[in-house]
Amino acid sequence: MNTEPSVPTPIPRRVLIAKIGLDGHDRGAKIIAAALRDAGMEVVYTGLHQTPEMIAATAVQEDVDLVGVSILSGAHLTLVPKLLKLLAEQQAADIPVVVGGIIPRSDSQAMEKLGVARVFTPGASLSEITAAVRELASKARAAAS
Amino acid sequence: MDVKTVPNVTPGGGGEAAGSGASGRAAGPAGRGNVSFQTLSGIPLKACYTAEDLPEGPLPPPGEYPFTRGVHATMYRGRLWTMRQFSGFGTARQTNERFRFLLAHGESGLSVAFDLPTLMGHDSDAPVASGEVGRCGVAVSSLEDMQALFEGIPLDRVSTSMTINGPAAILLAFYLVMAEERGIPWQALRGTIQNDILKEYHAQHTWLLPPEPSMRVITDTLRYAAEQVPQWNTISISGYHIREAGSTAVQELAFTLADGFAYVEAGMAAGLKVDDFAPRLSFFFNAHNDFFEEIAKYRAARRLWARTLREKYGAADPRSWKLRFHAQTAGCTLTAQQPANNVVRVAYQALAAVLGGCQSLHTNSMDETLALPSESAARLALRTQQILAWESGVPQIPDPLGGCYFLEALTDRMEAEASALVRRIEEMGGMLEAVRRGFVRREIARSAAEEQRRIESGEQVAVGVNRFTEPDEKPVEILSIGPEVEEEQVARLRSFKARRDAGRVREALAGVENAARGTSNLLEAFVHAARHRATLGEICDRLRSVLGTYHQEAESFFRA
């Protein structure tokens, strides 16, 4: 698995992996969380059945550099915009949000318009996801410091 | 294979010739890794199997104990498997239309997919349901929704499977009251509720209550249904979700049977006689990619169940010994890339399920990694079964692979490995203790991570994903559920609630609460509540308030 950084990064990136809504499919979220951890990031995993409110609160409390939302239930167009709004209300709109799951292409575009940084759909490779998360989290950290 | 004509663009590098791919495998086209030949569960394979590999002792014919070769002597000559396509989306009315469409195209049984609020025991108008209504199944909050779902469908002639667990008994109560009001005797009803709460804690994660009170709801259901709805399958003990969450075939087999044994023990501990409820237990397995391993899994499952029920639990009724199962092809093997390839995967998986002696079968639609199945994809999935049933000739002979050196040896090996894992759980203190410790889900997560590693490294081939990939794929047409579904459903439910006799609803809900606090039968209280138009969420709220809720600790898998 080619997920190790080619150049070691001095600052550990802190990311939140979150299961939003009632969806119980956590195979992907756990695999992503483990892959990011193996790539040297600090990973906070929320566990299942998180409301947008819970995720926004955790993101702020844990001072993360990125939020990765996993959702396979089809409720993304309701729950993800709600999360973005809550983050903005808590002056945390600078934390990039990425989404992974069963997301139709038109919905991906709609979410990206609303401010989602990236959407990963079935077939995305771990190395692609890890690289994108690292880059987005690094940019967020650099902008914040 | 002419390697020069096969495009092979790997996600990382691209353009390498087949046979010299990222894993550097030169051992030949059929191996799973570059070291040895093995099944997907990691069982090593010999170069060739001969008569010497056949297990010692007799191999009784199909229909005879321990039923390795099938639960019926004639198998599909007597009756084909039931073609039962899991479906549900949007409102009850929309799903009713899909049901009628499938029945009109030759489907022989129904299978209901509920949406997440329903699975978790919430009404469509609950705040937590927002955005989820009708998304990955149909919303059923009330008796009225159930009636709309089955409108015009002859309940005494079609069997119905309902994939519902935490609130299974409440949905069964809706179904029973619907039948009652149509004048159909409960004795005529045939169907299944999944009602397998243990695997929810391992894998699917749609629970209602903590493990102990959940087991009580289940034993109450076993008791009530045995007396009142004798043809109903009261638990469909499910390996499917365990496998989808990433387990191996051996783990699927072991954890599923261990769950089954836990239900048998719970029923007996509640004072039921094993032969009064064990004949109504059925199973649900995955049909995954490794063709022979899957067939061996079903055969080993039958043998292990029969032996344990007879020898350990003292079941005397042969029906208690027979493991009957539904199979569904493996959703997790479907790929977003080149989705038409999924049709081929599904066909092979379905063949394995039939050669393994399933009683009913769901074949997945090619578009399920992208969205809920479109009508045309759902029809093609059904046609796949029909071609198998009526063109291939396969169903003419029961267990046609019986006696095959390799398959019999693999069946033995699967049984031995699964038995060892079942013993490990027993030594831990049983399945509820294993759930408390998070043992099963940790084991599943470990296997899932391992499989992902093999796919990422190219050790395990996924056609169209890590080999034989194609750039610029055309998107396929998908089904989408609009926001109007939720609005319509919530409006309907509010109108239903407004039309009820509030006093009767209150009284019925108090009855549910009393039953939960005491020891009287919960399903009886649910039926009473359904008659008086209490909703799913109202009943579940009472249960939660008395029996508690359940949360799984999040991060334990990191420390594993």
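This is a predicted model: local features need pLDDT of at least 70, side-chain atom pairs count only at pLDDT 80 or more; totals for chains, interfaces and linings use all residues.
Chain A has five strands in an open sheet, ordered β2-β1-β3-β4-β5, with parallel pairing. The edges belong to β2 (42-45) and β5 of chain A; each has a single partner strand, so one side of each has no neighbour in the sheet. From one strand to the next, the twist averages 20°.

Now for the helices. α1(A) lies across β1, β2 and β3 of chain A and runs at about 170° to β1(A). α5(A) packs on the sheet too, touching β1, β3, β4 and β5 of chain A, and its direction makes about 160° with that of β5(A).

Helix α5 (residues 126-144) of chain A is worth a quick check: at 1.5 Å a residue its 19 residues should span 27 Å, and the end C-alpha atoms are 27 Å apart, so the two agree. Its buried residues include A:L126, A:I129, A:V133, A:L136 and A:A140. Covering the buried residues of α5(A) are, among others, β1 (14-19) and α1 (27-38) of chain A, together with α16 (439-457) of chain B.

On to the cores. The largest nonpolar core has 108 residues, and B:W81, B:W305 and B:C358 are among those with the most contacts inside it. Helix α8 (residues 249-269) of chain B gives the most to this core, with twelve residues. A second, separate core of 62 residues includes B:L155 and B:W232.

Technical notes
Residues are numbered from 1 along each chain as its sequence is written. Chains are lettered from A and ligands numbered from 1 in the order in which they are written. Side-chain values use heavy atoms; hydrogens and water are left out. Helices (H or I, at least four residues) and strands (E, at least two) are DSSP runs, numbered from the N terminus. The expected span of a helix is 1.5 Å times one less than its number of residues. Buried means under 20% relative accessible area, exposed over 50%, partly exposed in between (1.4 Å probe, protein chains only). Contact means heavy atoms within 4.5 Å. A nonpolar core is a set of buried Ala, Val, Leu, Ile, Met, Phe, Trp, Tyr and Cys residues joined through side-chain atoms within 4.5 Å. Two strands pair if DSSP finds at least two bridges between them. Axes are lines fitted to C-alpha atoms, for helices over the stretch in contact, and angles run from 0 to 180 degrees between N-to-C directions.
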